[in-house]
Amino acid sequence: QVRVVESGGGLVQTGGSLRLSCAASGIIFGINAMGWYRQAPGKQRELVAGFTTGGNTNYADSVKGRFTISRDIAKNSMTLHLQMNSLKPEDTAAYYCKVTLSPFMRDYWGQGTQVTVSS
């Protein structure tokens with residue numbers, strides 16, 4: 001059974017930093033893609049940062065130069081991190097981890113972790 005669990009959210013002041021982690025387990029066939037998404041109240045969920053199938057990274061324009069995504073992949077598990085620096089109030093949102101697994105390209109989401117940046 002695949003499990004995806006995020007951690008590391010919290011309350012931080014403008015300009016501060018947070019590090020989010022996502023632990024995915026129960027992976028049998030392989031990972032197609034993985035990434036961090038966020039959803040602010042009243043807004044659509046958006047991609048923040050991710051790894052493509054080929055291992056390339058992509059970032060939302062709003063976080064480039066401030067956020068860094070990294071990963072550790074083991075045999076049947078994966079840990080995804082998001083280092084967030086120079087946080088702004090507009091970064092406030094629920095952050096979600098998503099993994100897309102082979103062979104059926106099914107998406108698995110975590111439960112989310114709240115990030116709140118105070119001004």
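A: Start with overall size. The radius of gyration is taken over C-alpha atoms, and the rule for a globule is 2.2 Å times the number of residues to the power 0.38. This is a predicted model. With 119 residues, a compact globule would have a radius of gyration near 14 Å, and the protein has 14 Å, so the value agrees with the rule.

Q: What does the C-alpha trace span along its principal axes?

A: The spans are about 45 × 25 × 25 Å.

Q: Which secondary structure elements does the protein have, and in what order do they run?

A: The count comes from runs of assigned residues, with helices needing at least four residues and strands at least two. Here there are 11 strands and zero helices. Read from the N terminus, the order is β-β-β-β-β-β-β-β-β-β-β.

Q: What share of the contacts in the protein with a separation of 6 or more comes from residues 24 or more positions apart?

A: A contact means heavy atoms within 4.5 Å. For the protein, residues 24 or more positions apart account for 56% of the contacts that have a separation of 6 or more.

Q: How many positive and negative charges does the protein have, and how far apart are their mean positions?

A: The protein has 12 positive and 7 negative charges, and their mean positions are 5 Å apart.

Q: How many disulfides does the structure hold, and which cysteines form the link?

A: The criterion is a pair of cysteine sulfur atoms within 2.5 Å. The structure holds one disulfide. Cysteine 22 and cysteine 97 form the link, with their sulfur atoms 2.1 Å apart. The angle about the S-S bond is -75°, and the link of cysteine 22 and cysteine 97 is left-handed. Cysteine 22 lies in strand 3 (residues 18-25) and cysteine 97 in strand 9 (residues 93-101), so the pair ties together parts that are 75 residues apart in sequence.

Q: Are cysteine 22 and cysteine 97 buried or exposed?

A: Cysteine 22 counts as buried because its relative accessibility is 0%. Cysteine 97 is also at 0% relative accessible area and is therefore buried.

Q: Where is the cis peptide bond?

A: The quantity to read is omega. A cis peptide bond joins serine 102 and proline 103, with omega at about 0°. Proline 103 lies in the loop between strand 9 and strand 10 (106-109).

Q: Which residues have a positive phi although they are not glycines?

A: Methionine 105 is one of them, with a positive phi of about 55°. Methionine 105 is in the loop between strand 9 and strand 10, and it counts as partly exposed because its relative accessibility is 42%. Serine 86 also has a positive phi, of about 50°, although it is not a glycine. Serine 86 lies in the loop between strand 8 (77-84) and strand 9, and at 42% relative accessibility it counts as partly exposed.

Q: What is arginine 66 in contact with, leaving aside its neighbours within four places in sequence?

A: Such a list shows which other parts of the chain lie against a residue. Arginine 66 is in contact with Gln83, Met84, Asn85, Ser86, Leu87, Lys88 and Asp91, leaving aside its neighbours within four places in sequence. Arginine 66 lies in the loop between strand 6 and strand 7 (67-73). Its relative accessible area is 10%, so arginine 66 is buried.

Q: Where are asparagine 32 and asparagine 56, and is each buried or exposed?

A: Asparagine 32 is in strand 4 (residues 31-39), and its relative accessible area of 18% makes it buried. Beyond its neighbours within four places in sequence, asparagine 32 is in contact with Thr52, Thr53, Thr100, Leu101, Ser102 and Met105. Asparagine 56 is in the loop between strand 5 (46-51) and strand 6 (57-59), and at 52% relative accessible area it is exposed.

How values were computed: Residues numbered from 1 in each chain as written. Predicted model: local features only at pLDDT ≥ 70, side-chain atom pairs only at ≥ 80, totals over all residues. Heavy atoms only, no water. Lys, Arg positive; Asp, Glu negative; His and termini not counted. Charge placed at Lys NZ, Arg CZ, Asp CG, Glu CD. Buried < 20%, exposed > 50% of the residue type's maximum accessible area, 1.4 Å probe, protein only.
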